Amino acid sequence: MRFLKFTFFVLLICATAIALLEYAYRYYSTQADRVFKPYYAKVNTVQTLYIGNSHIGVFNNIFPEGSNEVGNMSLGGQDIFRMYTVLKTLVPKSPALKKVYMGLDYDLIGYNQTKSGQEYINREYYQYTDTLYNNTMTNRAMSMSNFFRANRDIAFLFKRNKTEEKPINFIPVASPPVNAGTETSSVSTPALVHHKTIDPFLCRKRAEEHTLLKFKQQNIAENLDYLERIVALCHQHNVQLILFDPPKTECYRSYSNKEVVINAKHTIDSFAVANKVPYLDFYNDSTFNDDMFVDYDHLNAVGVKILSDKLDLFNK
């Protein structure tokens, strides 16, 4: 009897702690919340959707949330699997949608975010996409928990304003930003800093992270399957799909693994031809000099505007 009482007491403490944590994190805003909620607020008017990783997230520099005809569902590190889950969720619910611009860097064809140690982001997205890469009972349970969707962010408990939603930062924290300054046309842009100094060590670290550490040959077949599903989804709903690879700095290109770049490019080019979908490759585009980047692989507002203009030219 004493053992049963002790067990009941322990279970009661655990249940109370769980209930308190769930209550404390009820207002936590995840990255998924901060991309889905603005999109759903204008879901009936969005005509153009951008989706990809942080390289595509920077399009918010010229198409902010207030642009009712343009949506951006990009997030740092987003892989092809999660782009598929987002598109299969949103495309059928977007009656005005005409075009999807999907960022497809070479390295993405061999990348899987869950296998790279960021499974928690899939749990954030679950309540919107109803899809998990590892669809286990444990993962589903964690995906319905406020505490685990917050990725156990203990610092949140000490935050005064629990309802404040911070904007998504698409540029890695370690990246040295360009000083803000001038404006070009109607777009607020960073000043162009000529002969900008680039740290070769950090540049090499960034390039090797993408083309060596996170790129796995065994992920390619699976990613091609998700790409085929995306093509079929867009075709089913009469949405034009445009795949594109955003530009990179000369330093980034020089340190990227050459074998991975060549093989990945060939794989994507072959897929695009076989599936009759455009793939606009700006990887080596000399239009984009280093002064048009915030760091080694993210465009600043000047660069994004030029890239946007080039994408528009494709449809004219």
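This is a predicted model: local features need pLDDT of at least 70, side-chain atom pairs count only at pLDDT 80 or more; totals for chains, interfaces and linings use all residues.

Where is the place of Phe158? Phe158 sits in the loop between α7 and β4, the latter spanning residues 180–184. Together with Ile154 and Leu157, Phe158 makes a nonpolar surface patch of about 320 Å².

Let me set this in the context of the whole chain. The protein chain has twelve helices and seven strands. Of its 316 residues, 47% are buried. Its accessible surface comes to about 16,300 Å², and carbon and sulfur atoms account for 57% of that area. Among contacts with a separation of 6 or more, 77% are between residues 24 or more positions apart.

I turn now to helix α2, residues 31–41. Which residues of helix α2 are buried? They are Ala32, Asp33, Arg34, Val35, Phe36 and Tyr39. The cover over these buried residues includes two strands, β1 (48–51) and β2 (70–72). It also includes the helices α4 (80–90), α5 (119–129) and α7 (146–149).

Asp33 forms a salt bridge with Arg149, and the closest N and O atoms are 3.6 Å apart. Asp33 lies in helix α2 and Arg149 in helix α7, so this pair ties together parts that are 116 residues apart in sequence. Are these two partners buried or exposed? Asp33 has a relative accessible area of 4% and is buried. Arg149 counts as buried as well, at 6% relative accessibility.

Lys42 counts as buried because its relative accessibility is 8%, where the limit is under 20%. What does the side chain of Lys42 meet there? A polar atom of that side chain lies 2.9 Å from the backbone oxygen of Ser67. Leaving aside residues up to four places away in sequence, Lys42 touches Pro64, Glu65, Ser67, Asn68, Val70 and Gly71.

I return to charged pairs. Side chains of opposite charge can pair when their charged atoms come close.

In helix α8, residues 200–213, Glu209 and Arg206 lie three residues apart, about one turn of the helix. Their side chains meet in a salt bridge, with an N to O distance of 3.7 Å. Arg206 is buried, with a relative accessible area of 15%, whereas Glu209 is partly exposed at 21%.

The other example joins Asp281 and Lys265, whose side chains meet in a salt bridge at 3.0 Å, N to O. This pair links distant parts of the chain: Asp281 belongs to strand β7 (residues 279–281) and Lys265 to helix α11 (residues 258–274), 16 residues apart. Asp281 is partly exposed, at 29% relative accessible area. Lys265 counts as partly exposed too, at 31%.

Thank you for your attention.

Note on methods. Residues are numbered from 1 along each chain as its sequence is written. Side-chain values use heavy atoms; hydrogens and water are left out. Buried means under 20% relative accessible area, exposed over 50%, partly exposed in between (1.4 Å probe, protein chains only). Helices (H or I, at least four residues) and strands (E, at least two) are DSSP runs, numbered from the N terminus. Contact means heavy atoms within 4.5 Å. Patches are made of residues with over 30% relative accessible area and no salt bridge: like charges are joined within 9 Å, nonpolar side chains (Val, Leu, Ile, Met, Phe, Trp, Tyr) within 5 Å. Accessible areas come from the Shrake-Rupley method with a 1.4 Å probe; for residues, only the protein chains shown count as cover. A salt bridge is a side-chain nitrogen of Lys or Arg within 4 Å of a carboxyl oxygen of Asp or Glu. A polar contact is a pair of N or O atoms within 3.5 Å; within protein, one must be able to donate a hydrogen and the other to accept it, and residues adjacent in sequence count only if both atoms are side-chain atoms.
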